[in-house]
Amino acid sequence: MPVPLPAPFRAATRRSRLIADDAGLHWTSASGRTRSWAHGPDGPATARILSGARARGAAGLPAGPLLIVGDAAERPLLVVPADDWSAEPLTPRRGDPLRGTALRPLVETLGLAVLPVGDGDAARAAAAAPVARARPRWTGWHAAGTTVGALALAVGVGLGIARGESTAWAAVGLLGLVVLLAFGAGPMAAGLIGERRTAGGWAAELRPAAGRRRLLVAHRGSGTEIGIREVDGVERWLAVGDHEAAVAGVRSTPATVELVDAGGEVLQTLHAARWVPDRTARQGLERVCAEAGLPLRAVDGRNHVADLGSDLPSVGATWPRLLPRTDLLLWIGGAFAAFNGAALLRGADGAVQHWLGVGYLGVALVSLLLWLGVRRS
């Protein structure tokens, strides 16, 4: 089970959830904020789709296409970016704009017909509604931390080591490197450290054709468990059984595969388009369920709770454009630290430079271990 993560990484590693049921529509943001709208005149009664071109022209709205859920008077309640909740990259299509996204079962559960946005006033009104983003977003603290760390590293390397002018600048470079890695790879590192890791030994697995995500079954001394390994190597495990918070069955709809407990509550949602796109993958899912001793039941996807948000890209999938990806950032940071540490130790002129060199090499070792953790398939 996950352990509490330190700030500022906690918000970045949380997952948004979007749930539709008999009571109405419920949204939990990545920061933990929860909003609910009950069925009725002031609840979800209309669904409009705003194209990407029109969304870009409306101030305050993310890039489209956007699903705008409104009340009976068509006042926007929630704006949902379709790209965020899609199992596959969206491509321009004629007809159903939500095809291939997890939003299709959501609007079907709410009993809403999706229509195009009528006019520009509706788009402007939507800009004032909350936006249900699925993917964790980098906060201002993350951006500021990576910027400060990168600048301090550049200055420290340039003045403290390359020109050999001051030991103090070498210390600045080491501090900047630590800050850069903490803010740049911290959310991923916290997930790797906070979740249980396995080195193999599982009894069965389901692996989508593309990527390194896996659905795993393991038999342990405490019982059978089923886990989901993300692309960045983080694993989340759920017990199998009839006790609280345990997986008691698997429910398959045309859009999703759901791991549910004994009461039917969804514990984990998987996009069918990503995990079981064809008959071969479906047979793999059947083998996983048989190995775990879980019943697999197919339903038509109508008139049941649509719980979205647990099969979303992990924090490593949402990355600032100017910052190298997690594995590349760790590789570059480790290489810089190893080079700087060796240079300082070679020319050490006292205990301070000696310990600075050891510090750089320590950072290089940690970066290497995290890089190996990310790269492990």
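Let's start with strand 6, residues 76-81: five of its six residues are buried, so to speak the strand is mostly covered. Keep in mind that this is a predicted model.

Who sits beside strand 6? Strand 5, residues 66-70, pairs with strand 6 in the antiparallel sense. Strand 5 also pairs with strand 4, residues 46-50, and this pairing is antiparallel too. Here are the two pairings, with one pair of facing residues from each.

| Strands | Sense | Bridges | Facing residues |
|---|---|---|---|
| Strand 4 and strand 5 | antiparallel | five bridges | arginine 48 and isoleucine 68 |

Now look at the turn. Strand 5 and strand 6 form a hairpin with five residues between the strands, and glutamate 74 there takes a positive phi near 65°.

In what order do its four strands lie? The order is 6-5-4-7, in an open sheet with mixed pairing. Strand 6 and strand 7 (114-116) stand at the edges; each has a single partner strand, so one side of each is left without a neighbour in the sheet. Neighbouring strands of this sheet are turned by 30° against each other on average, if you ignore direction.

Key:
Residues numbered from 1 in each chain as written. Predicted model: local features only at pLDDT ≥ 70, side-chain atom pairs only at ≥ 80, totals over all residues. Heavy atoms only, no water. Buried < 20%, exposed > 50% of the residue type's maximum accessible area, 1.4 Å probe, protein only. Helix = DSSP H or I, 4+ residues; strand = E, 2+ residues; numbered from the N terminus. Pairing = 2+ DSSP bridges. Axes fitted to C-alpha atoms, helices over the stretch in contact; angles between N-to-C directions.
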